[in-house]
Amino acid sequence: MSMPKNQAGLVIKQEANFYSVAFEGTEYLCTMRANLKKGGRTIRVGDRVRLEDLHEERPVISEILRRTSALKKPAVANVDLVLLVMSGLNPDFNAMLVDRLLLCMLYEKLQPVICVNKADLIDEELREWIEEEYGVFPLVFVSAESGEGLDTLKEILVDQVTILAGASGVGKSSLVNALNPDIDMVTGEVNEKIGVGKHTTRHVSLHKVHHDGEVGWVADSPGFSNVKLPPIDRAELSTYYPEFEPYLGQCEFDDCLHDHEDGCAIKAHIDTDSERYYNYLRLLEEVKTLYKQRRDSSTKDEGLTKRAVGKNRKESVLKLGTEGRARSRRTQKQVIEQISNWSDFDEESLEAMNPDEWRI
Ligand code: GDP
Ligand code: ZN
């Protein structure tokens, strides 16, 4: 028996050549059909798949449905949400890290939810400040310790595949455990003893979160912790700020970067004393520098490629390096190539750093 035509299972775990697939409340341990394997197809956690021989001892994955996204780190397909976990205190709430991660996520077209953990430790003033700064995004205050906000968080997570992002020590493992008491993720001190590489020696899995009869899935590996900015143009940066959106296009000068008073509609309307705006200015400088670096290295490549493989290749190199090319015009392939470039800056390198060094 195979599953009905319009239905699919969700790959939640992979071990060697076996895949756990969740379908209608049951988990099936499956193998991959030989012709898929021969065709070089790979299955990732998060993949939607069709199963055959459902009632046999070992159902077979007969088809992998088209992915809506394919993150490399963590290797999860079809991610709907990224839960950006920060602690309100201990370690301190780090606005610059939040802003950088938001930029990375929005660039990937992933939907961010800001989750401020350790709410049991923060005072009303800090809570209000975070709300003022980040209320433009979905925002939830929780405590893995006291249980505060966990129901609200579950409501957000049902029907979605979610990955976590955030520095170590903010309580990601504690949260995953609190959301699903069946999982026993290593937290706190033990985590430090095991050290770097804990999450890289095995595949990521998805864990079930129940709420009101509905189910959501959360990756157990905190993976999305890029601090390196994506390759965007300086003029594009402002489009990643939802609070700027009502005023975009209203500045007197078309090339306004919203860093000067002069005719700037955004500066006239938003709170320029906010941390978000201050960080915008800092990120703008960084985006400019990165752009210059990319331009310089693409000029170098151009010389090399010209000699090495001739005209056609040279044109494609030039195209990739051109500022002002709208993101919407990029082909899917180019986006994936770029992702694989910069998301290599991953949790391993970050975990090797002291969390304090992240405070940029
Ligand atoms: P991770 O590195 O992000 O996975 O963080 P852990 O889950 O390992 O948590 C780091 C430390 O913060 C541990 O000592 C936890 O007990 C503590 N912690 C986690 N969540 C909370 C919380 O909501 N409130 C308080 N007070 N401590 C927490
Ligand atoms: Zn402006």
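**Strands, helix and zinc**

Modeller: In strand E11, His207 has Val218 as its bridge partner. Keep in mind that this is a predicted model.

Colleague: How many bridges join E10 to E11, and which way do they run?
Modeller: Six bridges join them, and the strands run antiparallel. E10 covers residues 206-211 and E11 covers residues 214-219.

Colleague: What sits in the turn of that hairpin?
Modeller: There are two residues between the strands. Asp212 takes a positive phi near 50 degrees there.

Colleague: Which strand pairs with E11 in the parallel sense?
Modeller: That is E9, residues 161-165, over two bridges. Val161 of that pairing stands opposite Trp217 in E11.

Colleague: Now the metal. What coordinates the zinc ion (ligand 2)?
Modeller: Cys251, Cys256 and Cys264 each give an SG atom, and His258 gives ND1. The distances are 2.1 to 2.4 Å. Along the chain, the donor spacing is C-x4-C-x1-H-x5-C.

Colleague: Why is the arrangement tetrahedral?
Modeller: The four donor atoms subtend angles of 102 to 114 degrees.

Colleague: His258 and Cys264: buried or exposed?
Modeller: Both are buried. His258 has 5% relative accessibility, and buried means under 20%.

Colleague: Where is His258 found, and what is its phi?
Modeller: His258 is in the loop between E11 and helix H7 (265-269). Its phi is near 65 degrees, a positive value in a residue other than glycine. Most residues other than glycine have a negative phi.

Colleague: How many residues of E1 are buried?
Modeller: Five of its seven, so mostly covered.

Colleague: And Ala16, buried or exposed?
Modeller: Exposed, with a relative accessible area of 62%. Ala16 is in the loop between E1 and E2. Its phi is positive, near 50 degrees. That hairpin has two residues between the strands.

Colleague: Why call H2 largely enclosed?
Modeller: Because twelve of its 13 residues are buried. Among them are Ala95, Val98, Asp99, Arg100 and Tyr107.

Colleague: What does Val98 touch?
Modeller: Leaving aside neighbours within four places in sequence, Val98 is in contact with Leu84, Met86, Phe93, Ile114 and Tyr134. Val98 also belongs to the largest nonpolar core, which has 52 residues. Val76, Phe93, Val98, Tyr134, Leu153 and Leu206 touch the most other members.

Colleague: Last one. Which peptide bond is cis?
Modeller: The one from Asn90 to Pro91, with omega near 0 degrees. Pro91 is in the loop between strand E6 (81-87) and H2. Most peptide bonds are trans.

Conventions. Residues numbered from 1 in each chain as written. Chains lettered and ligands numbered in written order. Predicted model: local features only at pLDDT ≥ 70, side-chain atom pairs only at ≥ 80, totals over all residues. Heavy atoms only, no water. Donors = N, O, S within 2.8 Å, 3.2 Å for Na, K, Ca; no water. Tetrahedral: all angles 85-135°; square planar, octahedral: opposite > 155°, others 65-115°. Buried < 20%, exposed > 50% of the residue type's maximum accessible area, 1.4 Å probe, protein only. Helix = DSSP H or I, 4+ residues; strand = E, 2+ residues; numbered from the N terminus. Pairing = 2+ DSSP bridges. Core = buried A, V, L, I, M, F, W, Y, C linked by side-chain atoms within 4.5 Å. Contact = heavy atoms within 4.5 Å.
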